[in-house]
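Dear colleague,

Please find the structure below. My notes on it follow directly after.

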Amino acid sequence: MKRTKKPTILILDDNGIELTNYFMALRNAGYQTQGAQRIEDALRILDHFPINLVLSDIHLSKNLEKFEGLDFLSEVKKKFPHITLMAMSSDSTVDLADRAKRAGAWTFVKKPSEVNEDFLVQVRHAINVGSIL
């Protein structure tokens, strides 16, 4: 029987607890996962591993006025246009979602307090869209 390779998801979140929660939940859902708390580490992972989906927090510092995740998404879109990007944030406004899409995100999701089936459906859909493109 032929084995299909599991999609690999890179998660970028400066909050170590949230990063671990996403990492474990996505791994338990059958995905390969890579995680980073800093943009530099995430870029290094992208240079060395085949990634199908990047799931990035928009705010990568305590300062909610900064949107480092948007800059990261723009850079990834330029360097790795074949990778599907999902932006996430605990604050979900239409303006923030629009900014994420302009930065290259395929979709924007409100960070769930815990990874639930709705979130996993969004991840599956993003990976499926990426495999078609």
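What percentage of the 133 residues of the chain count as buried? The figure is 43%, where buried means under 20% relative accessible area, exposed over 50% and partly exposed in between, with a 1.4 Å probe and protein chains only. The model is a predicted one, in which local features need pLDDT of at least 70 and side-chain atom pairs count only at pLDDT 80 or more, while totals for chains, interfaces and linings use all residues. Residues are numbered from 1 along each chain as its sequence is written, and side-chain values use heavy atoms, with hydrogens and water left out.

Overall architecture

The chain holds 5 helices and 5 strands, these being DSSP runs numbered from the N terminus (helices H or I, at least four residues; strands E, at least two). Along the sequence they follow the pattern β-α-β-α-β-α-β-α-β-α. The strands form an open sheet of 5 in the order S2-S1-S3-S4-S5, with parallel pairing; two strands pair if DSSP finds at least two bridges between them. Strand S2 (32–36) and strand S5 (107–110) stand at the edges with a single partner strand each, so one side of each has no neighbour in the sheet. On average, neighbouring strands are turned by 20 degrees against each other, direction ignored; axes are lines fitted to C-alpha atoms, for helices over the stretch in contact, and angles run from 0 to 180 degrees between N-to-C directions.

Strand S3

All 5 of the 5 residues of strand S3 (residues 53–57) are buried, so the strand is largely enclosed by the rest of the structure. Leu-53, Leu-55 and Asp-57 are buried on one side, and Val-54 and Ser-56 on the other. S3 pairs in the parallel sense with strand S1 (residues 8–12) over 4 bridges; here Ile-9 stands opposite Leu-53, and Leu-10 has Val-54 as its bridge partner. A further 5 bridges join S3 to strand S4 (residues 84–89), which runs parallel to it, and Leu-55 stands opposite Met-86 there.

Nonpolar cores

A nonpolar core is a set of buried Ala, Val, Leu, Ile, Met, Phe, Trp, Tyr and Cys residues joined through side-chain atoms within 4.5 Å. The largest has 25 residues, of which Leu-46, Val-54, Phe-72 and Val-76 touch the most other members. At least two residues of this core come from each of S1, helix H2 (39–48), helix H3 (68–79), S4 and helix H4 (94–102). A second, separate core of 16 residues includes Leu-55, Val-109, Leu-120 and Ile-127. Leaving aside residues up to four places away in sequence, Val-54 touches several residues, among them Leu-10, Leu-46, Phe-72 and Val-76, contact meaning heavy atoms within 4.5 Å.

Helices on the sheet

H3 lies across S1, S3 and S4 and runs at about 160 degrees to S3. H4 also packs on the sheet, touching S4 and S5, and its direction makes about 145 degrees with that of S5. Within H4, Leu-96, Ala-97 and Ala-100 are buried. Seen down the helix axis, the buried residues fall within an arc of 100 degrees, so they line one face of H4; the arc is that of the directions from the helix axis to the C-beta atoms. Their cover includes H3, S4 and S5, whereas the face turned away from the buried side carries the exposed residues Val-94 and Arg-102. Just after H4, Gly-104 takes a positive phi of about 120 degrees.

Yours sincerely
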